[in-house]
Amino acid sequence: MKILCCSQTLPDRDVWPVLLSQALPEAQVIEWHEDLPTQDADVAVVWRPPASLFERERGLRAVFNLGAGVDALLKLPTLPPDLPVVRLEDAGMAVQMSEYVVHFLTRASRRFEDYTAQQRAGKWQALPELRREQWPVGVLGMGAMGASVARTLAALDYPVAGWSRSGQAPEGVEAYGGIDALPAFLARTRVLVNLLPLTPDTENILRRETLSQLLPQSYLINLGRGPHLVEEDLIPLLDSGRLAGATLDVFREEPLPAGHPFWTDPRIAITPHIGAASLRRETVAQISTKIRALARGEAITGVVGRARGY
């Protein structure tokens with residue numbers, strides 16, 4: 001089997017071909033670059049590949065994405081419509097997402113920022129105790145990562161609900177399904193965590209109309225994709241008091257441009273798309289296992305449904 005590895009936009013791009021070769025010694029792993037002639041490869045392992053890859057490699061049996069989000073890959077006009085696209089399933093990302101959400105949720109609900117301000121002022125004062133029923137959390141997206149976050153927060157005794165197209169949710173998490181259930185889901189939510197895939201149906205889902213339906217003094221944590229949020233709606237919602245704060249890990253333009261108003265707004269916490277990174281060992285193990293199963297003619301999980309976009 002011949003495998004093309006195209007991860008030119010990753011800072012550790014040289015590592016992936018080596019790791020794949022070690023995991024699949026029976027295969028020929030080739031690092032793809034623009035000057036490489038057509039290889040007639042069987043499989044491609046990619047992260048944000050150029051359109052030219054699919055123009056040249058017409059015999060691919062599958063393409064494996066080095067991440068869970070496949071929106072950029074599906075937008076490539078040269079991607080064959082019948083080529084199976086396989087997304088990464090977890091690979092160590094779910095626990096990282098859960099850590100991220102727990103950090104920013106408890107920073108608000110336990111008022112740790114207020115304690116930091118008190119420390120600077122030399123003030124010793126216990127603030128009112130946490131009442132978790134006042135901090136209902138809603139998680140948009142019940143895939144592997146959304147379900148993990150929901151289970152983690154439920155285990156910490158926060159009231160947690162999950163919204164998805166299917167309406168499925170883990171045990172202990174209140175389930176909401178379909179667009180008709182979205183208003184009721186938002187109306188019971190004070191901390192909204194977005195972990196949706198980016199599709200035509202979910203783009204701009206975080207906008208004035210939807211965020212205004214949250215409980216007063218609510219918080220937004222966006223870990224999905226930048227285009228989920230209508231950025232120009234956020235600061236007016238904060239100014240009105242409808243939102244008390246926002247934590248953003250993803251943006252429409254990355255890196256976030258210098259001079260963007262989000263940089264200097266104290267109500268907005270910014271992180272540079274680090275919510276969760278696919279761990280190398282887990283990623284290579286998952287992809288290599290699936291490549292071997294594919295070679296044996298077996299069905300594999302993680303195949304993207306083109307119609308739904310994930």
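This is a predicted model: local features need pLDDT of at least 70, side-chain atom pairs count only at pLDDT 80 or more; totals for chains, interfaces and linings use all residues.

Numbering starts from 1 along each chain as its sequence is written, and side-chain values use heavy atoms, with hydrogens and water left out.

**Stop 1: the two domains.** Color 2-91 + 278-308 as domain 1 and 93-270 as domain 2; these bounds come from an automatic or database domain assignment. Their C-alpha centres sit 32 Å apart. Nine residues of domain 1 and eight residues of domain 2 make the contact (heavy atoms within 4.5 Å).

**Stop 2: the interface.** Between them, domain 1 and domain 2 bury about 810 Å², with 53% of it on carbon and sulfur atoms; buried area is the accessible area (1.4 Å probe) that two parts lose on being put together, summed over both. Now select D71, D90 and R308: this trio supplies 59% of what domain 1 buries against domain 2, more than any other three residues.

How many salt bridges does the rule find across this interface? One, where the rule asks for a side-chain nitrogen of Lys or Arg within 4 Å of a carboxyl oxygen of Asp or Glu.

**Stop 3: a link across the sequence.** Search the whole structure and you get 13 salt bridges. One to zoom in on is K290 with E89, whose closest N and O atoms are 2.6 Å apart. K290 belongs to helix α10 (residues 280-295) and E89 to the loop between β5 (85-86) and α4, 201 residues apart. Helices (H or I, at least four residues) and strands (E, at least two) are DSSP runs, numbered from the N terminus.

**Stop 4: the annotated span.** Select 104-275, where UniProt (unreviewed entry) places "domain: D-isomer specific 2-hydroxyacid dehydrogenase NAD-binding"; its positions are in the numbering used here, feature names are shortened, and annotations may be inferred rather than shown by experiment. The span is 27% helix and 18% strand, and its end C-alpha atoms lie 11 Å apart.

Stop 5: Go to E254 and P255, joined by a cis peptide bond with omega about -5°. P255 is in the loop between β11 (243-248) and β12 (268-270). Finish at R111, a non-glycine residue with a positive phi near 60°, in the loop between α4 (93-109) and α5 (112-120).
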